[in-house]
Amino acid sequence: MDNHKPSKDLFVPVDTTNDESDKITRPSLSFWQDSFIRLRKNVGAMIGLFVLIILTVMAIFGPYMNEYGEYDQDLSRSKMPPKVEGLGWLGMDGMLTDVQSADTLERAQEKALMRFNNQDEFIETEVLNDGSNGEKAEVQATYDVYAAKGMEENFWFGTDGLGRDQWTRTWIGTRVSLYIAFLAAAIDMLIGVTYGGISAYYGGRVDNYMQRFIEILVGIPNLVLVILMILILEPGILSITIALAIAGWISMARIVRGQILKLKNQEFVLASRTLGAKDNRILQKHLIPNVLGLIIINTMFSIPSAIFFEAFLSFIGLGLPTPMASLGTLINAGFQSLQIYPHILLFPAIIISLIMIAFNVLADGLRDAFDPKMRE
Amino acid sequence: MTRYIFQRLIYMVITMFLIATLTFFLMKFLPGTPLSAADKLSEEQQAVVLEKYGLDDPVPVQYFNYMVGLAQGDLGISFQFDNREVTNIIMERIGPSMQLGIQAMVIGTIIGMLLGLVSAIYHNGPLDYTSTFLAVLGQSIPSFVFAGLLQYYIGVKFGWFPVALWEGWEYTVLPTVSLAIFPIAIAARFMRTEMLEVMGSDYIVTARAKGVNKFGVVFKHGLRNALIPLITVLGPLAVGLMTGTLVIENIFAVPGIGEQFVKAINMNDYPIIMGTTLLLAFMFIFIILIIDLLYGVIDPRIRLAEGE
Amino acid sequence: MKKTNWLLLVLALVLSMFLAACSGGSDESSDSADSGEDTTESDSSDEASGDSEQVLNIMDTAEIPTMDASLATDAVAFQWLGSTTDGLYRLGENAQPEPGIAKSHEVSEDGLEWTFELREDAVWSNGDPVTANDFVYAWQRAVNPDIGSEYGPYMMGGVIKNAAEIADPESGMPVEELGVEAVDDYTFKVTLEKPVPYFESLTTFGTFLPLNQKFVEEQGDQYALEADTILANGPFKITEWNHGEGWTLEKNEDYWDAENVNLDQINVKVVKETATGVNLYDTGEVDRVNLTSEFVDQYRTSDDFQIAEKPVLFYLKMNQENEVLGNLNARKAIQMIIDRQSMVDVILNNGSIPSVGHVPQNFTKHPETEEDFREINGDLVETNKETAQELWSKAKEELGVEEVELGYLGGDTETALDMDAYIKDQLEELEGLTVTVQSVPFKERLARDENMEYDIQNSGWGPDYIDPNTFLNMFITDGGNNKTGYSNEEYDSMIEKANNELAQEPVERFETFLEAEKMLIQDDAVLAPLYQRALAQLWKPYVKDVIVNPMGPDYTYKYAQIEGK
């Protein structure tokens with residue numbers, strides 16, 4: 001046996017001071033750091049984020065960019081179309097156009113002028129159809145509202161029915177809607193995720209009771225809750241906040257629960273538990289991150305729901321008390337004049353759509369960033 | 001399983017009872033009376049009218065009477081439509097709302113899921129962007145603005161479908177489309193998210209490696225996994241749509257229950273508020289039960305509260 | 001087949017997406033440019049079936065709450081009760097009562113006993129003749145505490161003998177004591193509590209319509225709930241009633257005056273949105289639509305455009321129990337600060353006129369000179385911002401306050417939001433005044449009015465009969481509709497005098513009302529008048545001879561006809 005003992009000289013100690021094999025070549029990143037890096041690489045998401053930041057900045061500073069106040073009324077300048085110097089080609093030229101038709105050309109001319117109060121010097125008429133071909137005569141009238149009213153300054157987004165500056169009100173309204181959006185997201189994240197997570201993870205009796213509680217909450221219509229709030233607190237942002245807080249998180253809780261029910265019996269959870277991980281840790285480190293994609297997507301749906309819920313309340317007269325503005329109330333007010341003064345509706349609708357699209361694109365990016373499987 | 005269902009049915013009854021109780025007392029908090037000309041009547045005369053509706057009894061007695069009636073399926077008499085039974089009123093109004101809701105759900109879910117699938121399969125391609133854009137647009141335009149545009153262009157300008165009213169299937173087209181927008185958006189987004197998630201998982205990679213084609217994988221393995229979050233969200237949404245949406249009903253002059261409900265709230269018509277609330281709650285709870293049961297069917301790994 | 005439907009749907013969806021995007025991108029020019037063409041297109045649509053078919057298609061904004069005359073309380077109910085049932089008299093042209101079931105009547109010298117002679121050819125739609133008993137039964141039912149009518153005691157109390165007592169269950173007085181009597185089948189005698197000069201006008205009101213006792217009792221609590229549990233004795237009968245959706249009236253061939261009824265059918269649909277109504281009008285589905293201010297701009301030039309004046313007043317009620325509003329100068333300042341002209345021109349934009357008193361224009365005339373009430377009393381309030389500020393500072397001085405906060409309970413018409421915002425803005429021009437708008441559900445608003453839990457309230461009032469009394473008696477001390485805390489003995493005694501001693505003296509009575517109005521608005525500034533309502537409407541030109549009423553049913557369709565559709 002001894003003969004076969006290799007010579008010690010054959011062995012050279014490994015140089016342990018400079019071991020490459022154990023070295024982590026990539027920088028050590030926490031889950032969040034890693035996600036953030038990937039998020040930054042996502043162009044769409046960054047655009048979304050950028051739009052949101054712009055909108056937020058505009059919501060903060062936009063109202064101060066002209067001299068009109070949020071509530072400054074002047075009926076003599078009501079329903080002015082938008083006008084921005086240099087943007088006339090976009091239709092923001094402060095003109096109103098209307099086509100009138102009648103059996104005879106004269107009558108159509110007359111109606112075209114009458115449409116804008118017969119202020120001849122500010123109206124240009126153009127004959128679209130002189131009626132000679134058997135069809136009705138059509139005359140298009142273009143009316144220079146700003147000149148007719150002797151208006152020097154421009155209203156970038158036009159004015160509403162009471163002559164309030166739509167630019168100022170739109171940005172003030174954006175504030176309210178962004179507040180509601182963030183509020184809804186926060187409620188979803190905090191209450192909804194926790195509730196659903198706990199309910200599903202512990203299961204059994206806990207799940208049973210927690211779900212029955214949700215059913216009761218779902219069963220009582222939001223509207224009844226809101227009306228109670230309004231009667232107790234007076235209508236306003238606070239009652240809407242509370243109503244949202246009471247009922248806004250339920251869908252999220254249900255989704256998280258559904259996903260965690262699916263995940264909690266999977267092997268990696270078992271493994272983690274075998275290794276002695278506490279419930280808290282399993283929930284936070286394993287389950288929630290795996291549901292994160294859905295959480296984000298669902299949040300993106302509670303945001304519009306919340307914004308529209310506020311709009312709906314305004315629609316039935318229980319929302320923000322007039323004259324306060326939110327995008328919801330502005331859109332409601334504009335809806336009536338959709339066919340004739342679309343600018344009242346248009347700008348708030350564009351802003352609300354921008355908010356939604358930005359949130360969505362950002363959410364998609366976040367989803368991809370947080371998904372451990374998407375890691376390269 | 002039977003035991004579990006049985007247990008849930010019992011809970012259902014208890015939950016309904018709790019909701020009925022809670023709503024009943026919430027109603028009592030709402031100020032005002034059902035009288036329409038209260039300011040014109042002397043106090044004695046008001047008392048007479050209140051007595052007619054049984055509102056002069058002490059609240060516990062009213063509560064007891066209501067619960068007894070409820071157990072027999074009697075929801076009482078409406079305040080604003082004299083002498084008309086709430087059960088009848090709700091039955092008349094729920095029909096159109098249900099029809100629109102179901103049509104919108106079916107169409108919305110199918111279109112939405114297709115959009116979502118396309119998005120997921122062609123992830124980050126032009127098709128993905130288009131369908132995502134459509135979904136986001138659908139979600140961000142307020143439904144009444146969309147409905148107004150539909151009505152004006154499709155109804156008035158092109159005259160393809162009736163502008164409003166409720167007189168046949170063609171009258172349901174525009175409101176259905178308006179209602180379907182939100183489910184389309186939701187279905188598309190959830191489908192996409194879940195499909196992407198699933199398609200990255202090992203068993204799909206395995207299936208793909210074994211030569212199953214892209215679409216086969218998607219339908220066989222992907223769909224099933226994506227269904228869980230989808231039904232969780234769409235179930236309650238379906239109930240929401242079926243129980244009426246005031247705005248769409250108003251715009252298309254549909255005699256649905258959403259409009260009825262809001263009016264009842266404005267008119268302090270407690271019996272109708274209560275009746276509608278209970279119906280709504282019942283549908284929600286029922287759908288939730290179905291969804292919970294479906295969890296197990298769709299994904300056998302999920303075990304519910306049984307035996308713990 | 002199914003597949004094509006599907007495709008259509010998808011197509012519609014995709015198209016509408018595009019349209020949404022298009023109209024979002026361009027500005028108003030493209031949108032409003034289209035509007036002029038609508039009518040041309042719609043006329044050629046398939047609706048125009050048959051020449052001058054006598055069918056009227058209209059819409060209402062709400063479902064009929066009840067067709068039971070004793071229980072009816074709102075405009076929709078009174079409208080359709082009036083179209084299906086004739087009372088003693090009906091409202092004719094210019095709100096003049098014209099014979100209904102009563103051919104004529106005699107009034108006793110003291111003005112207390114009215115004897116109506118009924119026509120013998122009037123029948124119910126089940127064949128029963130309409131007799132004096134039907135009136136006795138209906139009127140007794142209206143005040144019967146067991147029925148729980150709201151309008152019965154209100155309309156009859158203090159007018160018909162014993163009505164108020166019977167309606168009070170405490171008194172235990174049987175309904176038979178009511179001052180009505182069927183002398184014979186076709187003679188109906190009414191005994192009044194006191195002389196009521198406007199009683200003839202009152203008999204056209206819905207609560208005073210007859211009921212067929214046998215039929216009502218047969219139907220029990222199902223009476224008037226469905227089309228087949230109602231009887232008609234008027235120009236039309238309801239043949240179909242789909243709750244929430246609409247109802248159909250057909251000509252009542254058994255009507256005593258059937259030869260003067262031209263329409264064969266009236267279809268009514270429930271439509272709540274103005275925009276929807278306008279679109280339905282454009283596609284020819286309805287023959288009339290009411291416009292809100294935005295649509296007035298669009299349709300003002302249309303040949304179908306009409307304005308219907310209404311004797312309905314809107315005004316601000318000021319709660320005098322509030323310390324500030326208890327001050328006369330403060331109230332006067334509020335009256336004067338509001339620019340009514342701009343309000344009716346821009347916000348309402350529907351032909352409404354500024355209101356300057358508490359009796360509407362073109363409502364009652366001086367019995368001798370035939371001059372309009374409004375014309376004689378003239379403008380009792382004016383807009384004068386400077387005087388208003390002066391009065392306001394005086395008020396603040398008297399009260400020893402600098403800053404004032406007032407709540408404002410809003411209205412609930414379609415223009416309410418803009419109106420509320422405007423009034424808030426106008427009021428806040430008064431230095432140091434902050435106004436908080438409170439929007440609450442409809443019934444809650446009534447409750448707050450009832451309990452006087454408001455500071456300022458936007459309120460409206462339409463007449464129940466043609467007489468200044470319907471407006472002016474509201475504000476007697478502790479009057480059921482007063483609710484402002486206003487109490488002035490002198491005012492009370494004037495109204496009292498007008499309704500008792502002067503009941504038989506039309507000229508003095510009228511002049512007393514003139515005095516009373518001056519006191520109410522000018523001297524005591526109880527209200528801040530806002531506007532007198534008008535409706536801007538589109539009427540299809542082929543609809544003729546619809547009478548617009550100031551009170552009771554909004555329209556009389558009895559003589560209406562379709563011509564040259």
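Two residues are taken to be in contact if their C-beta atoms, placed from the backbone, lie within 7 Å. Among such contacts in chain B between residues at least 6 apart in sequence, 71% join residues at least 24 apart. The structure is a predicted model, in which local features need pLDDT of at least 70 and side-chain atom pairs count only at pLDDT 80 or more, while totals for chains, interfaces and linings use all residues. Residues are numbered from 1 along each chain as its sequence is written, with chains lettered from A and ligands numbered from 1 in the order in which they are written.

Chain B holds twelve helices and zero strands, where helices (H or I, at least four residues) and strands (E, at least two) are DSSP runs numbered from the N terminus. Of its 308 residues, 55% are buried, a residue being buried if 20 or more other C-beta atoms lie within 10 Å of its own, exposed if 12 or fewer, and partly exposed in between. For helix α4 (residues 86-121) of chain B, the 36 residues at 1.5 Å a residue should span 52 Å, and the end C-alpha atoms are 50 Å apart, which agrees; the expected span is 1.5 Å times one less than the number of residues. A kink of about 30° lies at Ile94(B) in α4(B), shortly before the proline Pro96(B), the bend being the angle between axes fitted to the seven residues ending there and the seven starting there.

Chain B meets chain A through 47 of its own residues, which are in contact with 49 residues of chain A. The elements giving two or more residues to this side of chain B include α1 (2-29), α7 (173-199) and α12 (270-298) of chain B. Its composition by class is tabulated here.

| Class on the side of chain B that touches chain A | Number |
|---|---|
| Nonpolar | 33 residues |
| Polar | nine residues |

Not counting residues up to four places away in sequence, Met191(B) touches residues including Met113(B), Leu117(B) and Leu230(B).

Key. Nonpolar A, V, L, I, M, F, W, Y, C, P; charged D, E, K, R; others polar.
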